[in-house]
Amino acid sequence: MLDLKPDVAFDFYKSFLRWYCDWYHPSYLEIGCASGELGVVLGTTRSVGIDINKHPDWETYNIRRPECTYRQITSDQYFAELSEDEMFGLIFIDADHSAEQVRR
């Protein structure tokens, strides 16, 4: 297992996701998206970010990439509203950083 500092690990993670999305062009869901930066920089066909806290950058990102959608909502609420036929090719689960929430 690599022992990376958080900022180095996140940069590596973003680089990997960019490579993957440039190759696959998936629809993307980020649970716990904070500012929503990843949804904008990745080469996805559609990006949905949800977070319990609204971030001021969401409006700017929606203008830059209209295929990006952000919602202030809990993951439990989001999945209760999600239609059965909606699918994502890539899901990043961050949520509240707890194993219990990730399993749900």
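Secondary-structure elements here are DSSP runs numbered from the N terminus, with helices being H or I of at least four residues and strands being E of at least two. The model is a predicted one, in which local features need pLDDT of at least 70 and side-chain atom pairs count only at pLDDT 80 or more, while totals for chains, interfaces and linings use all residues. Residues are numbered from 1 along each chain as its sequence is written, and side-chain values use heavy atoms, with hydrogens and water left out.

**The whole chain**

Begin with the protein chain coloured by secondary structure: 5 helices and 4 strands are present. Read from the N terminus, their order is α-β-α-β-α-β-α-β-α. The radius of gyration is 14 Å, close to the 13 Å of the globule rule for 104 residues, so the chain is as compact as a globular protein of that length. That radius is taken over C-alpha atoms, and the globule rule is 2.2 Å times the number of residues to the power 0.38. Along the principal axes, the C-alpha atoms fill a box of roughly 40 × 35 × 30 Å.

Next, display the surface. Its accessible area is about 7,000 Å², and carbon and sulfur atoms contribute 55% of that; the areas come from the Shrake-Rupley method with a 1.4 Å probe, and for residues only the protein chains shown count as cover. Of the 104 residues, 35% are buried, where buried means under 20% relative accessible area, exposed over 50%, and partly exposed in between (1.4 Å probe, protein chains only).

Contacts, meaning heavy atoms within 4.5 Å, may be considered at chain level too. Among those with a separation of 6 or more, 44% join residues 24 or more positions apart.

Select Ser27, which lies in strand 1. Ser27 counts as buried because its relative accessibility is 14%. Beyond four places in sequence, the residues in contact with Ser27 are Thr45, Arg46, Met87, Phe88, Gly89 and Leu90.

Move to Ser47 in strand 2 (residues 46-51). Ser47 is likewise buried, with a relative accessible area of 2%. With residues up to four places away set aside, Ser47 touches Tyr28, Gly39, Glu67, Cys68 and Thr69.

**Two loop residues with positive phi**

Go to the loop between helix 1 (6-24) and strand 1, where His25 is placed. His25 is not a glycine, yet its phi is positive, at about 50 degrees. The relative accessibility of His25 is 44%, so this residue counts as partly exposed.

Then select Ala34, in the loop between strand 1 (27-31) and helix 2 (37-41). Ala34 also has a positive phi, near 50 degrees, in a residue other than glycine. Its relative accessible area of 43% makes Ala34 partly exposed.

**Aromatic side chains**

Now show the rings of Phe, Tyr and Trp (its six-membered ring); two rings pair if their centres lie within 6.5 Å, and planes under 30 degrees apart count as stacked, over 60 as edge-to-face and the rest as tilted. The model contains 10 aromatic pairs by this rule. In one of them, Trp58 and Tyr70 have ring centres 5.5 Å apart and planes at 15 degrees, so the pair is stacked. Trp58 belongs to helix 3 (residues 57-64) and Tyr70 to strand 3 (residues 68-72), so the pair ties together parts that are 12 residues apart in sequence. Both Trp58 and Tyr70 are buried.

Which geometry do the rings of Tyr78 and Phe79 adopt, stacked or edge-to-face? Their centres are 5.5 Å apart and their planes at 75 degrees, so the pair is edge-to-face. Tyr78 is buried, with a relative accessible area of 5%, whereas Phe79, at 40%, is partly exposed.

Finish by selecting Phe16, Trp19, Tyr20, Trp23 and Tyr24 together, which form one aromatic cluster.
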